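The following report describes the fold, packing and confidence of a single protein chain. Please keep the sequence and the coordinates in view while reading.

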Amino acid sequence: MPDVPLAVSTEEYGAADIEPKATPQELRRWWLRDTIGPRFYPYIVKRVREETTCDGLRNFYFQLARREDLRDLVDPTQPKLFMVELTQQFRICWPDLPSTAPRATDKHPYGFLMLSEAWETSANLDLGATLDVRTLREGGKKWPIAASNKMLLRALSEDEALEDLPLLEVLNEIMLSLR
């Protein structure tokens, strides 16, 4: 996929690719959604599989679409798979829009996945000197750009990820996201 131009961000929901696609080349614009949280970067990924644990955690396994040729360091006959947990790792991966990969299917396995610098650091350690995953980020601004008081209040009222957290933990997440 190296010959495909980087996808770019758009603030227009209607102009964004908000559904998974059959090929990575179809993903051209990711939605630059107005909200809060740690800073995330867009990646085009290929969903390989998803497993739900008995306690409801969703383990999402994927390949980086721009480097599907990466091989597992332990078993080079296998492709390199990455995994994120979609229900509780909100500092690592954003599972809702603008991420589209968590809704990918076998027919449409490609989507955007918003991943944080913490994920990038972990992935780079896992890959050793093979590759710096930050070079595979899609184009556009980091997301979210910033959080004003108005945006903060709107996000608190709409953010399902924060609904079940204790108030102090929510406030801590907010304060960390504003740094």
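In which sense do strand E6 (residues 93-94) and E7 pair, and over how many bridges? They pair in the antiparallel sense, over two bridges, where two strands are said to pair if DSSP finds at least two bridges between them.

This is a predicted model, in which local features need pLDDT of at least 70 and side-chain atom pairs count only at pLDDT 80 or more, whereas totals for chains, interfaces and linings use all residues. Residues are numbered from 1 along each chain as its sequence is written, and side-chain values use heavy atoms, with hydrogens and water left out.

**Fold and sheet**

The secondary structure of the protein comes to four helices and seven strands, these being DSSP runs numbered from the N terminus (helices H or I of at least four residues, strands E of at least two). From the N terminus on, the order of elements is β-β-β-β-β-β-β-α-α-α-α. Five of the strands form an open sheet in the order E5-E4-E3-E7-E6, with antiparallel pairing; E5 and E6 are its edge strands, each pairing on one side only. E3 and E7 pair in the antiparallel sense over seven bridges. The table lists residues placed against E7.

| Residue | Counterpart in E7 |
|---|---|
| Pro-42 | Met-114, bridge partner |
| Val-45 | Gly-111, standing opposite |
| Cys-93 | Leu-115, bridge partner |

E7 is mostly covered, since seven of its seven residues are buried (buried means under 20% relative accessible area, exposed over 50%, partly exposed in between, with a 1.4 Å probe and protein chains only). Tyr-110, Phe-112, Met-114 and Ser-116 point one way from the strand, while Gly-111, Leu-113 and Leu-115 point the other way, and all are buried.

**Cores and helix H1**

A nonpolar core is a set of buried Ala, Val, Leu, Ile, Met, Phe, Trp, Tyr and Cys residues joined through side-chain atoms within 4.5 Å. The largest has 20 residues, and those with the most contacts inside it are Tyr-43, Phe-62, Leu-64, Val-84, Leu-113 and Trp-119. At least two residues of this core come from each of strand E3 (40-52), strand E4 (58-64), strand E5 (82-85), strand E7 (110-116) and helix H1 (117-127). A second, separate core of 11 residues includes Trp-94, Tyr-110, Phe-112 and Met-114.

Leaving aside neighbours within four places in sequence, Phe-62 is in contact with several residues, including Val-45, Val-48, Val-84, Leu-113, Leu-115 and Trp-119, where contact means heavy atoms within 4.5 Å.

In H1, the buried residues are Trp-119, Glu-120, Ala-123, Asn-124 and Leu-127. Because they cover an arc of only 130° around the axis, they lie on the same side of H1, the arc being that of the directions from the helix axis to the C-beta atoms. These buried residues pack against E3, E4, E5 and E7. H1 is followed by Gly-128, whose phi is positive, near 65°.

**Whole chain and confidence**

Buried residues make up 45% of the 179 residues in the protein. Among contacts with a separation of 6 or more, 62% are between residues 24 or more positions apart.

The mean pLDDT (the predictor's confidence in each residue, from 0 to 100) is 78, and 73% of the residues reach 70 or more. Over residues 146-152 the pLDDT is below 50, and beyond near neighbours in sequence this stretch has nine contacts in the model. Where pLDDT is low, the predicted coordinates should not be read in detail.
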